[in-house]
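I opened this model to look up a few spots and jot down what I found. Here are my notes, entry by entry.

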Amino acid sequence: MSRSDERPPPPDALAGVFQVWSVERVEDTVRYVGDPLVPPDAVVDELRTAFGQRGYDLRLERQSTDETGAGDGRRVPTTGGSAYVLVAEPEATSTGSIPWLNVGLLLATIVSTLYVGATQWYYIPVAEAPLRLFEAWPFVVAMLGVLGIHELGHYVAARYHGVDVTLPYFIPFPSLLGTMGAVINIRGRIPSRRALFDIGVAGPLAGLVATTVVTVIGLTLEPITIPQAVLESDAGYTIDFHDPLLLQGLDALVTAAGLRATVGPGESLHPIVFAGWAGMFFTFLNLLPVGQLDGGHIVRAIVGQRQETVAAAVPGGLFALAGFLYLTRDPPPIGFGVWTLWVFWGLLSLGFAYAGPARPTIDESLDRRRAALGVLTFVLGLACFTPVPFEITAAA
């Protein structure tokens, strides 16, 4: 007998974890109505294995007594006009099909990142030697590795809590990065604040570990020689990237250890360092506490519905930063100032705040250890921030 043919656990198998008042069946879905005997956000963790062995996914919901009943007309004992419902559904069976959209976007992102890395960071004349494009593979591995590990953190945490989630969708873009990042789509309900927190915090923390490793490796590698033709070109402007505190700290540690590569005239740091810089920049943006960004998930899990008050202040803060930079910095040589970056993100955060945060099914307080980890994550996020990430200056 296959797992999908097995019956779900009987009510007695839930003893000590969930007190069952009634059992309802709707086709293959089984609903256990009752009360948790352990903290509600621990019920699914306690019973996941027992149900999983029988081929069932599990989630806990809280519904008003008007929406639940005993099935046989009996009154269901509840507290505060609501009841808990443990919902068991057959696990989705994999058809073995290939996620072509994910694969196609990943391949397109690899190509765009290869091209950007080769032409803009390794100074390779791709038009003259197309096959040299692949010399930029370290930049691709570093850039997509940082983004992929960030999304993998979300994916693993979501699957751990039984939340249905897609594989990452990478976004190709032939810019200075070669990509606009990656996203995953959460398709299932988030059962609790604990699950919401774990899913939200796992991405930034995993991504920061990858970013740190990439940055340290890049700082130890031999610099790239800038071709004389590039040095003598009359582009009219140059773009200088400013380092956030985290990158400055890693640079100091690598230098103190005697591992820092020396950059001479006509040379630039290895492109992998820029992949680390980009990872830090993406981390800070993802930790903005608005809507369904990672920061929004974390703050919603910690403070509950008060997250909306926090989110409302974010666009104003970004617009204020943009205004400050506009008034205090010299006009750029080509009509683009970094203040426009913060105007753009102010508008985006306004949209995220309007859309609102994710709402867990069981909306109960988060434990102190997770709250402390959330605060630490935001501190690390601030270490990835610099008010002027890049600066456009007139070429000498």
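**Entry: Gly 207.** I began with burial: at 1% relative accessibility, Gly 207 counts as buried, because buried means under 20% relative accessible area. I found Gly 207 in helix α4, residues 193-220. Helices here are DSSP runs of H or I with at least four residues, strands are runs of E with at least two, and both are numbered from the N terminus. Leaving out residues up to four places away in sequence, Gly 207 touches Val 146, Ile 149 and His 150, where contact means heavy atoms within 4.5 Å. I also checked Gly 279, which is 72 residues from Gly 207 along the chain; their C-alpha atoms are separated by 7.2 Å.

**A note on the source.** This is a predicted model, so I keep in mind that local features need pLDDT of at least 70 and side-chain atom pairs count only at pLDDT 80 or more, while totals for chains, interfaces and linings use all residues. Residues are numbered from 1 along each chain as its sequence is written, and side-chain values use heavy atoms, with hydrogens and water left out.

**Entry: helix α8.** How many residues of α8 (294-303) are buried? I count eight of its 10, so the helix is mostly covered. Among the buried ones are Asp 294, His 297 and Arg 300. The cover over the buried residues includes α3, α4, α7 (271-286), α9 and α11 (368-383). Gly 304 follows α8 and has a positive phi near 75°.

**Entry: α9 against α10.** The axes of α9 (307-328) and α10 (339-355) come within 8 Å and cross at roughly 170°. That makes α9 roughly antiparallel to α10, a term for angles over 145 degrees. The axes are lines fitted to C-alpha atoms over the stretch in contact, and angles run from 0 to 180 degrees between N-to-C directions. Among the residues that meet are Leu 318, Phe 319 and Tyr 326 in α9, with Trp 339, Trp 342 and Trp 345 in α10. The residues of this contact divide into 16 nonpolar, two polar and no charged.

**Entry: two positive phi values.** Glu 27 is not a glycine, yet its phi is positive, about 55°. I located Glu 27 in the loop between β1 (18-26) and β2 (29-36), and it is exposed at 74% relative accessible area. Tyr 123 also has a positive phi of about 55° without being a glycine. Tyr 123 sits in the loop between α2 (100-121) and α3 (137-160) and is partly exposed at 23%.

Conventions. Angles under 35 degrees count as roughly parallel, over 145 as roughly antiparallel, 65 to 115 as roughly perpendicular and the rest as oblique. Ala, Val, Leu, Ile, Met, Phe, Trp, Tyr, Cys and Pro count as nonpolar, Asp, Glu, Lys and Arg as charged, and the others, Gly among them, as polar. Buried means under 20% relative accessible area, exposed over 50%, partly exposed in between (1.4 Å probe, protein chains only).
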